[in-house]
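Please read these notes with the structure open. They take the contact between chains and then the fold of one chain.

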Amino acid sequence: MSFEPKIIGFLCNWCSYTGADLAGTSRMKYPPNMVGIRVMCSGRVDPGFILSAFQKGADGVIVCGCHPGDCHYVEGNYKCMRRMPLTKRIIKEFGIDENRLRLEWISASEGAIFQEVITEFTNQIREMGPLALKELNYQPDEIADKVASEMGDITHV
Amino acid sequence: MSKPKLAIYWAASCGGCDIAILDIEDKILNVVDFFDVVFWPCAMDFKYDDVRKMEDKSITLTLFNGAIRSSENLEIAELLRQKSVLLCAFGSCASEGCIPALANLYDKKSIMDYAYKESPSTSNTENIYPQTQTIVPEGTLTLPELWNTVRSLPQVVDVDYVIPGCPPQSDQILSVVLAVIDILQNGKELPPKGTVLGSNEKSCCDECERKKDVKKIKKFVRPFEIVPDPDVCLLEQGIICLGPATRGGCGAKCVSAGVPCRGCYGLPSNIKDQGAKMASALASVIDSDDPEEIEKIINTIVDPVGTFYRFSMADSMLRRKQI
């Protein structure tokens with residue numbers, strides 16, 4: 001059986017989640033590999049959530065937020081922008097290819113870009129192959145459930 | 001009536017925890033008055049066989065310091081669990097891996113190669129490496145096996161309490177020991193299993209008396225590169241201080257002496273990964289909105305994993321480098 005990557009997406013409520021919604025309502029097709037976790041802001045995405053997703057079996061993690069300057073909370077996405085390069089350095093030192101983590105800015109009107117990004121990222125992770133963390137290996141839905149429950153107030157959708 | 005029995009053991013540790021126990025000074029006499037010390041390899045000559053001969057659950061309290069990284073560490077951890085009523089992970093190594101767990105960024109082979117072959121002070125032309133078994137005319141000699149991954153005590157056996165710190169501060173050790181004596185003497189109720197003893201729930205920053213303001217960082221520096229202002233938050237001066245992601249209880253001794261918190265009291269109870277939380281706190285106060293400049297500022301952090309996970313690697317989410 002061919003390898004189907006397990007991808008966890010953290011989507012900000014105001015832009016990227018709405019962008020994903022637009023892609024859906026516009027019937028744009030993209031691979032079903034990504035399971036999204038809706039967060040109120042990309043600034044809510046703690047590096048710990050990303051590590052947690054990898055720990056539980058994700059092969060790739062994508063974080064999507066509003067374009068810089070468009071944050072519903074003024075500067076939440078800048079916090080995300082600053083955390084990402086440091087998180088990449090950390091996962092790299094833990095032996096996880098930094099390209100398994102991706103940050104994208106996707107606005108509410110960019111359904112087509114959402115479709116394109118998810119398709120491209122899924123193909124890229126498929127090519128990279130599975131991430132061999134051996135301890136835990138959950139299904140995508142379970143990963144999202146478990147990560148979301150660690151996050152506290154957020155539900156996975 | 002016979003005295004309650006106390007055991008103190010070191011696994012993969014430096015011995016600092018044992019010294020910290022002795023640092024309770026003359027109060028150590030109260031301890032030996034109340035307890036019968038039945039096992040303390042660092043201080044007195046005991047043999048593992050002495051422990052094997054004890055009855056199960058005959059040791060009232062075992063303070064276990066040191067991480068688990070060899071077959072010997074695990075064997076004694078299991079043995080002491082079996083013989084003890086209360087097993088306490090004592091110090092950072094036992095509770096979260098500490099410095100020995102930084103070995104999790106490497107593997108056994110590269111560690112062995114460096115220690116026995118490649119380090120500048122080593123001359124090993126005959127390629128002699130330690131073996132778990134060596135046959136000599138008199139019989140077979142054995143050594144414990146070293147593992148790839150360092151683990152914490154709670155990852156291998158059931159642990160009743162945790163006392164954090166590298167080492168736990170002596171005043172905290174004393175208060176815990178006196179509390180245990182009080183509980184045992186007066187038949188009081190023990191704290192719930194899993195309680196972290198000798199520490200606070202709030203972070204180290206909460207105990208730090210330095211003046212704290214809005215944090216905006218343009219460049220990270222190492223402590224020797226600047227002369228820090230004695231009254232202002234070290235993090236605000238660009239020095240990486242792990243106070244925000246570290247449990248309080250030490251009395252903020254390092255920061256009051258001008259040395260940044262290194263995180264030895266471990267993660268506060270409401271977070272799951274000390275390093276990730278520190279990365280989160282640190283990165284978000286970088287004073288730039290330009291991706292390139294951010295990258296540049298982040299590159300001024302020397303060794304992020306070794307810094308953020310200096311004490312908590314074994315207990316972190318990813319636990320080790322993937323090999």
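1. In chain A, 25 residues are in contact with 23 residues of chain B; two residues are in contact if their C-beta atoms, placed from the backbone, lie within 7 Å. Helix H2 (47-55) and helix H3 (76-93) of chain A are the elements that give two or more residues to the side of chain A that touches chain B. H3(A) provides the largest share of that side, 11 residues.

2. The residues on that side of chain A are 13 nonpolar, 5 polar and 7 charged. Here Ala, Val, Leu, Ile, Met, Phe, Trp, Tyr, Cys and Pro count as nonpolar, Asp, Glu, Lys and Arg as charged, and the others, Gly among them, as polar.

3. This is a predicted model, in which local features need pLDDT of at least 70, side-chain atom pairs count only at pLDDT 80 or more, and totals for chains, interfaces and linings use all residues. Residues are numbered from 1 along each chain as its sequence is written, and chains are lettered from A in the order in which they are written.

4. Chain A has 5 helices and 4 strands, in the order β-α-β-α-β-α-β-α-α along the sequence. Helices (H or I, at least four residues) and strands (E, at least two) are DSSP runs, numbered from the N terminus.

5. Of the 157 residues of chain A, 56% count as buried, that is, with 20 or more other C-beta atoms within 10 Å of their own C-beta, placed from the backbone. Among the contacts in chain A with a separation of 6 or more, 81% join residues 24 or more positions apart.

How values were computed:
A residue is buried if 20 or more other C-beta atoms lie within 10 Å of its own, exposed if 12 or fewer, and partly exposed in between; C-beta atoms are placed from the backbone.
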